[in-house]
Every structure is written in C-alpha cells, then in structure tokens.
Amino acid sequence: MNTLAILSLSWQHILIVAILLLLLFGGKKIPELMRGVGSGIKEFKDAVKEEDKPGAENKPTNNPPSGN
C-alpha cells in the first residue's frame, strides 16, 4: 500500500476541512489562530538559524540567577 496515496488530498477534501474549521472556530477566531501558527513557525526558524551560527555553542542560552 502506498502511504503517499493515503496522505494525498484533493480540492474537495481541502474544502470540506476548511468548512469544518469555519464551523468549529468561526470567522473571527481563524485569523488569530493562523497568526499564532505563523509566529510559532517564525520563532522556530529563528531558533534553528541561531543554532546554525558558528559561535552559537559558545553562547549561554540562559543567564544563571545571581547569588545576591
């Protein structure tokens, strides 16, 4: 059995999923959800780019609390 055939979606499937999302979340909530997803993807990409920099392993990722 071809696993890619299982995951392939036609335009009818995408339309049905879009209508269900609209019914479940409403028209006002969907842009907020997409904005959140977009910012999460952007943060992930920025974190990956930071790790790819040559000096990234020498930088501490979080500052230890001071002993005062």
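Visitor: What should I know before looking?
Guide: Local features in this predicted model need pLDDT of at least 70, side-chain atom pairs count only at pLDDT 80 or more, and totals for chains, interfaces and linings use all residues. Residues are numbered from 1 along each chain as its sequence is written, and side-chain values use heavy atoms, leaving out hydrogens and water.

Visitor: How are α2 and α3 oriented to each other?
Guide: Helices here are DSSP runs (H or I, at least four residues), numbered from the N terminus. The axes, lines fitted to C-alpha atoms over the stretch in contact, have angles from 0 to 180 degrees between N-to-C directions. Those of α2 (residues 11-25) and α3 (residues 29-52) come within 9 Å and cross at roughly 110 degrees. Angles of 65 to 115 degrees count as roughly perpendicular, so α2 and α3 are roughly perpendicular.

Visitor: Which residues in α3 do L21, L22 and F25 meet?
Guide: Contact means heavy atoms within 4.5 Å. F25 lies in helix α2. Together with L21 and L22, F25 meets K29, I30 and L33.

Visitor: Which side chain meets K29 in a salt bridge?
Guide: A salt bridge needs a side-chain nitrogen of Lys or Arg within 4 Å of a carboxyl oxygen of Asp or Glu. One salt bridge is counted by this rule. At 3.6 Å, N to O, the partner of K29 is E32.

Methods. Helix = DSSP H or I, 4+ residues; strand = E, 2+ residues; numbered from the N terminus. Parallel < 35°, antiparallel > 145°, perpendicular 65-115°, else oblique.
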